[in-house]
Amino acid sequence: MNFIKYLLVGFFFGIVLTKAEAVSWYRIYEMFQFQSFHMYGIIMTAIATGLIGVQIIKRKKLKDIDGNPIHIQDKEKGNARYWIGGTLFGLGWAMVGACPGPIFILLGSGFLSVGFILIGAIFGTFLYGVFKDKLPH
């Protein structure tokens with residue numbers, strides 16, 4: 001039954017991103033060219049929502065869907081891995097015009113060529129798994 005809940009949240013997320021034009025290659029292009037505030041506004045709204053949500057989870061000691069306590073680890077010291085990971089993520093996003101969430105939305109919308117991007121994302125995840133012990137953590 002939990003699968004249905006996750007599926008419904010995924011559909012809702014896809015609809016919101018599509019209506020907000022966050023899956024639009026043109027909007028992403030505008031963002032990376034610093035021509036529009038649209039995507040930056042979406043990202044800042046997501047950050048604010050996440051910050052508020054994490055604070056509510058921590059202060060109210062909320063539990064997950066199975067009733068287990070939610071534990072959010074403190075950020076580790078050193079930020080090289082965040083800079084490296086963020087740079088790689090941003091470069092990939094700029095090159096293909098989609099980050100992981102919109103890949104599935106675009107596939108569902110009938111843009112089948114995005115399948116190549118999905119294959120690349122899966123391959124990149126596989127490579128991370130192979131090399132993760134040799135990377136800065």
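Of the 137 residues in the chain, 16% count as buried. The model discussed here is a predicted one. Its secondary structure amounts to 6 helices and 0 strands, and the order along the sequence is α-α-α-α-α-α. Taken along the principal axes, the C-alpha atoms fill a box of roughly 40 × 40 × 30 Å. Among contacts between residues at least 6 apart in sequence, 35% join residues at least 24 apart.

| Helix pair | Angle between axes | Axis separation | Handedness of crossing |
|---|---|---|---|
| α2 (residues 25-32) and α4 (residues 80-96) | about 125° | 9 Å | left-handed |
| α5 and α6 | roughly 150° | within 9 Å | left-handed |

Helix α2 packs on α4 at an angle of about 125°, with the axes 9 Å apart. That angle makes α2 oblique to α4. On the α2 side, the contact is made by Trp25, Ile28, Met31 and Phe32, and on the α4 side by Gly90, Trp93, Ala94 and Val96. By class, the residues of this contact divide into 7 nonpolar, 1 polar and no charged.

The axes of α5 and α6 cross at roughly 150° and come within 9 Å. Because angles over 145 degrees count as roughly antiparallel, α5 is described as roughly antiparallel to α6. Helix α5 contributes Ile103, Phe104, Leu106 and Leu107 to the contact, while α6 contributes Val114, Gly115, Ile117, Leu118 and Ala121. The contact of α5 with α6 has 8 nonpolar residues, 1 polar residue and no charged residues.

### The nonpolar core

The largest nonpolar core holds 14 residues, of which Leu17, Val23, Met39, Trp93, Ile103 and Leu106 touch the most other members. Two or more residues of this core come from each of α2, α5 (100-108) and α6 (114-131). The largest share, 3 residues, is given by α5.

Trp93, one of the core residues that touch the most other members, also belongs to the contact of α4 with α2. Leaving aside residues up to four places away in sequence, Trp93 touches Ile28, Met31, Phe32, Met39, Ile43, Ala98 and Cys99.

In α5, the buried residues are Pro102, Ile103, Ile105 and Leu106. These buried residues pack against α1 (2-19) and α6. Following α5 is Gly110, whose phi is positive, near 100°.

Phe34 lies in the loop between α2 and α3 (38-60). Is Phe34 buried or exposed? With a relative accessible area of 69%, Phe34 is exposed, because the cut-off for that class is over 50%. Phe34 and Ala94 are 60 residues apart in sequence, and their C-alpha atoms are 12 Å apart in space. Ala94 is itself one of the α4 residues in the contact with α2.

Terms used:
Residues are numbered from 1 along each chain as its sequence is written. This is a predicted model: local features need pLDDT of at least 70, side-chain atom pairs count only at pLDDT 80 or more; totals for chains, interfaces and linings use all residues. Side-chain values use heavy atoms; hydrogens and water are left out. Axes are lines fitted to C-alpha atoms, for helices over the stretch in contact, and angles run from 0 to 180 degrees between N-to-C directions. Helices (H or I, at least four residues) and strands (E, at least two) are DSSP runs, numbered from the N terminus. Angles under 35 degrees count as roughly parallel, over 145 as roughly antiparallel, 65 to 115 as roughly perpendicular and the rest as oblique. A crossing is left-handed if the near helix is turned anticlockwise from the far one by less than a right angle, and right-handed if clockwise. Contact means heavy atoms within 4.5 Å. Ala, Val, Leu, Ile, Met, Phe, Trp, Tyr, Cys and Pro count as nonpolar, Asp, Glu, Lys and Arg as charged, and the others, Gly among them, as polar. A nonpolar core is a set of buried Ala, Val, Leu, Ile, Met, Phe, Trp, Tyr and Cys residues joined through side-chain atoms within 4.5 Å. Buried means under 20% relative accessible area, exposed over 50%, partly exposed in between (1.4 Å probe, protein chains only).
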